Amino acid sequence: MCGRYRLTAKERWLSEYFNLDPEDVEWAVRWNIAPTDEVATIRQDRHGPKRLFAKMRWGLIPFWAKDQSIGARMINAMCETASEKPAFKESMRRRRCLIPADGFYEWKKLGPKKKQAYNIGMADDGLFAFAGLWDRWKGPNNTVIESCTILTTDANPLLKDIHDRMPVIIEKNDYDLWLDPGMTDPVKLTDLLKPFDARQMRVYPVSSTVGSVKNDGPECAKEVSAVEDGSTQSSLF
């Protein structure tokens with residue numbers, strides 16, 4: 001799964017990297033993004049060759065849901081079955097997005113009550129993008145919530161020792177295809193939904209600081225010794 005990540009790039013770099021209008025990008029640095037938080041997303045304008053920046057709630061609320069509480073259980077979707085599941089199949093066809101990040105966190109079990117947190121990202125600590133799906137839910141009093149989920153796939157060789165799943169990371173050259181609103185056949189996107197090349201990535205241990213949503217500073221991603229910090233984390237959220 002992917003249950004915690006960071007996006008620390010400044011607005012200017014986000015707009016340049018993802019080819020966005022700088023005036024549309026509004027983002028404050030985040031080191032510890034958690035489910036139900038507001039997150040940055042990128043989607044394609046259906047009426048022209050332009051990418052759009054939007055902030056959405058992390059945890060997809062299907063348009064048909066009776067209430068928004070279902071979103072807390074929809075932070076991830078398995079790429080192998082997303083096109084078949086009622087909560088995701090329509091979004092897989094028509095509402096795909098990119099979710100920018102420059103690192104994500106995973107916990108390795110060391111014992112019954114002991115876990116080690118790791119930061120996972122690119123070898124150069126640069127920007128990348130998860131494959132995301134989004135939906136628009138209308139609630140009481142015409143309340144509208146746009147929300148999203150992160151697709152997951154099998155872990156690559158670098159991560160298998162930590163967890164058996166990892167978020168789908170889209171290659172930069174494939175952004176246009178993934179976002180293309182005219183591409184409504186999920187089968188034609190299958191090749192994009194594969195474990196990311198481990199040779200381009202880096203993993204290192206971080207402290208238990210990231211385990212609490214109250215912490216949202218650079219200390220969350222600071223590298224530590226795994227031996228010194230195999231600390232107990234009873235809760236991640």
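Colleague: What is the mean pLDDT of the protein chain?
Modeller: This is a predicted model, and the mean pLDDT of the protein chain is 94. Of its residues, 95% reach 70 or more.

Colleague: And where is the pLDDT below 50?
Modeller: That would be residues 228-237. In the model, this stretch has 32 contacts beyond near neighbours in sequence.

Colleague: Okay, backbone next. What is the phi of Thr36?
Modeller: Thr36 has a positive phi of about 75°, although it is not a glycine. Thr36 sits in the loop between strand S2 (30-33) and strand S3 (38-44).

Colleague: Is Asn141 buried or exposed?
Modeller: Asn141 counts as exposed because its relative accessible area is 79%, and the cut-off is over 50%. Thr36, at 38%, is partly exposed.

Colleague: Where is Asn141 found, then?
Modeller: In the loop between strand S9 (128-138) and strand S10 (144-154). Asn141 also has a positive phi, about 55°, without being a glycine.

Colleague: Switching topic: why does Arg165 count as buried?
Modeller: Its relative accessibility is 12%, and buried means under 20%, so Arg165 qualifies. Arg165 is in strand S11 (residues 165-167).

Colleague: What does the side chain of Arg165 make a polar contact with?
Modeller: With the side chain of Asp154, at 3.2 Å.

Colleague: Which residues does Arg165 touch, leaving out those up to four places away in sequence?
Modeller: Met1, Met78, Cys79, Glu80, Thr152, Thr153, Asp154 and Ala155.

Notes
Residues are numbered from 1 along each chain as its sequence is written. This is a predicted model: local features need pLDDT of at least 70, side-chain atom pairs count only at pLDDT 80 or more; totals for chains, interfaces and linings use all residues. Side-chain values use heavy atoms; hydrogens and water are left out. pLDDT is the predictor's confidence in each residue, from 0 to 100. Contact means heavy atoms within 4.5 Å. Helices (H or I, at least four residues) and strands (E, at least two) are DSSP runs, numbered from the N terminus. Buried means under 20% relative accessible area, exposed over 50%, partly exposed in between (1.4 Å probe, protein chains only). A polar contact is a pair of N or O atoms within 3.5 Å; within protein, one must be able to donate a hydrogen and the other to accept it, and residues adjacent in sequence count only if both atoms are side-chain atoms.
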